[in-house]
Amino acid sequence: MKRILVCEDEASIREFVVINLKRSGYEVVEAESGEEALKKFDEDKDGIDIALLDIMLPGMDGFALCRAARRRGDVPIL
């Protein structure tokens, strides 16, 4: 099963995306900030297959998160 990391700070948007991805059969890892997403990348033993990132995040923005995620591996990022 594909594991998707969803990083979105607005809870209602994140919940909508997560519900629909789960209904489509994906396993979803959630984060509400860039820092939390990086922690999930580092702690996830099964690996993240794809990441869906918001651009405007509190603290670390989506562009900085994208660069940091790229240094952790070759994960497709939307």
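This is a predicted model: local features need pLDDT of at least 70, side-chain atom pairs count only at pLDDT 80 or more; totals for chains, interfaces and linings use all residues.
A search of the whole structure finds five salt bridges. One of them joins Glu27 to Arg3, with 2.1 Å between the closest N and O atoms. This pair links distant parts of the chain, since Glu27 belongs to strand 2 (residues 27-31) and Arg3 to strand 1, 24 residues apart. Arg3 also forms a salt bridge with Asp44, where the closest N and O atoms are 2.0 Å apart. Asp44 sits in the loop between helix 2 (34-43) and strand 3, and Arg3 in strand 1, so this pair ties together parts that are 41 residues apart in sequence. Glu27, at 32% relative accessibility, counts as partly exposed.

Another salt bridge is formed by Glu30 and Arg14, whose closest N and O atoms are 3.3 Å apart. Here the link runs between strand 2, which holds Glu30, and helix 1, which holds Arg14, over 16 residues. Glu30 is partly exposed at 31% relative accessibility, whereas Arg14 is buried at 9%.

Arg14 also bears on the case of Glu8. Glu8 is found in the loop between strand 1 (3-7) and helix 1 (11-23). Which side chain of opposite charge is nearest to the buried Glu8? That side chain is Arg14, 6.3 Å away, and Glu8 has no salt bridge; the cut-off for a salt bridge is 4 Å. Leaving aside neighbours within four places in sequence, Glu8 is in contact with residues including Arg14, Glu32 and Asp54.

The cysteines can be treated briefly. The structure holds zero disulfides. The sulfur of Cys7 is 11 Å from the closest cysteine sulfur, that of Cys66, which is too far for a bond. Cys7 is buried, at 1% relative accessibility, while Cys66 is partly exposed at 23%.

On the surface, Ile55, Met56 and Phe63 form a nonpolar patch with about 340 Å² of accessible area together. Met56 lies in the loop between strand 3 (50-53) and helix 3 (62-72) and is exposed, at 69% relative accessibility.

Helix 3 also contains Arg70, which is partly exposed with a relative accessible area of 42%. Beyond its neighbours within four places in sequence, Arg70 is in contact with Val75, Pro76 and Ile77. Arg70 and Lys39 are 31 residues apart in sequence, and their C-alpha atoms are 14 Å apart in space.

Notes: Residues are numbered from 1 along each chain as its sequence is written. Side-chain values use heavy atoms; hydrogens and water are left out. A disulfide is a pair of cysteine sulfur atoms within 2.5 Å. Buried means under 20% relative accessible area, exposed over 50%, partly exposed in between (1.4 Å probe, protein chains only). Patches are made of residues with over 30% relative accessible area and no salt bridge: like charges are joined within 9 Å, nonpolar side chains (Val, Leu, Ile, Met, Phe, Trp, Tyr) within 5 Å. Accessible areas come from the Shrake-Rupley method with a 1.4 Å probe; for residues, only the protein chains shown count as cover. Helices (H or I, at least four residues) and strands (E, at least two) are DSSP runs, numbered from the N terminus. Lys and Arg count as positive and Asp and Glu as negative; His and the chain ends are not counted. Contact means heavy atoms within 4.5 Å.
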